[in-house]
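Visitor: I'd like a close look at just one part of this model. Could you walk me through it?

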Amino acid sequence: GYPYEFESNEMSGRNLEPTGSPTRSTESPTISPSESTDVPSITPTESTRFPTFAPFESPSTGHIVGPNDLQIKILFDAYSEDVWWEIYQDFEDGSSLLVDSVAPLGYSSIGLAETSVLYVPLAIGPNGATFTFTIWDDYGDGLGHCCPDGKYELTYFDENLLPTVVGEGGGNYGDSDSRTFTIEPPSGSEERPSGSDDVVAPLVGSVFSIGPTVANDMLCVDVALESKSNGARIKTWDCHERPNQQFELVPFNNNKDRKFYWLRAVHSSKCLSVSGPSRGDAGFIIQFDCQVRDLMKWKVESTSEDGVRLKNLYGGCLAIQGNPTSRGSSLWTTPCGPDDDDDPSQWWTYSPIES
């Protein structure tokens, strides 16, 4: 998953060993993410037979819980290596998009009866959003292989960081267990203003380079070392039009009401993203697998300098750290001023790449 903090703490007072040595299959079932599942919706007030976890406390990992974070807490049974999960955002047209996941064997280092905590930021639009969480067990006995039975709990933190349990389960659920929940829009939320269609139209569906306006077409946004890895640094460099300086403006599935886009690198098919928790100030830019997250959503605004300003939905505008005319400068976000002409380091010029 995308830089989420992970915690694994051994539960005190337990020194348990599984009884017997059951033969466990090493062949994982084939799972199709698009496979439909008929699961009931879960409301925060619905009760289950499973005991609740202790009230939320800030974990020792130092993760700062933010608005719209989903906390995924799992208490494992004797075989954590069998457990994995996926969470999808569901749309009205029947489509869905993977938000995050833990792959098979992703929990193989977790010990008997230990608890893990992960945080997944959710994208909540002006009309709310619906998500489906599915937890799998490759052996087919869920979290129910004794010593003791395990459980999981999903907790959503709203814009005021107030927690609400939106799903829970555990025990022997067989191969998989799913919970679907809907997050209502925050009170008083409004649709954010869209970018200018006149600016966006020539970019959508085309490949282009982009560089700081003040550099007079001498510098371009560049994925360092032509890397295709998650976390690669984004900087400025001499323009050469190789694929690591080519980008696409890509609308995502729930982009019907707000004109926000992915800024995707052609050579890696990864998206430009803010890398840290900062909202608008000193959030460095990296490339990462494209996801429906505010950190990766950009709005294109025109400036009076015949260029554009790129505003990040999570906060801040794309800018150059240091001298905007020096190659090798890192990209980050800085606070967007009320006037799009306030900060020359936030001015960008794009150039179409001929196919």
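Visitor: Take C220: does it count as buried or exposed?

Guide: Buried: C220 has 6% relative accessibility, where buried means under 20% relative accessible area, exposed over 50% and partly exposed in between, with a 1.4 Å probe and protein chains only. Before going on, keep in mind that this is a predicted model, where local features need pLDDT of at least 70 and side-chain atom pairs count only at pLDDT 80 or more, while totals for chains, interfaces and linings use all residues. Residues are numbered from 1 along each chain as its sequence is written, and side-chain values use heavy atoms, with hydrogens and water left out.

Now for the partner. C220 forms a disulfide with C239, the sulfur atoms sitting 2.1 Å apart; the cut-off for a disulfide is a pair of cysteine sulfur atoms within 2.5 Å. This one links distant parts of the chain, 19 residues apart: C220 is in strand β11 (residues 219-223), and C239 is in the loop between β12 (234-238) and β13 (247-250). Strands here are DSSP runs (E, at least two residues) and helices are too (H or I, at least four), numbered from the N terminus.

For context, the structure holds three disulfides. Among them is the bond from C271 to C290, S to S 2.0 Å. There, C271 is buried at 0% relative accessibility, whereas C290 is partly exposed at 26%.
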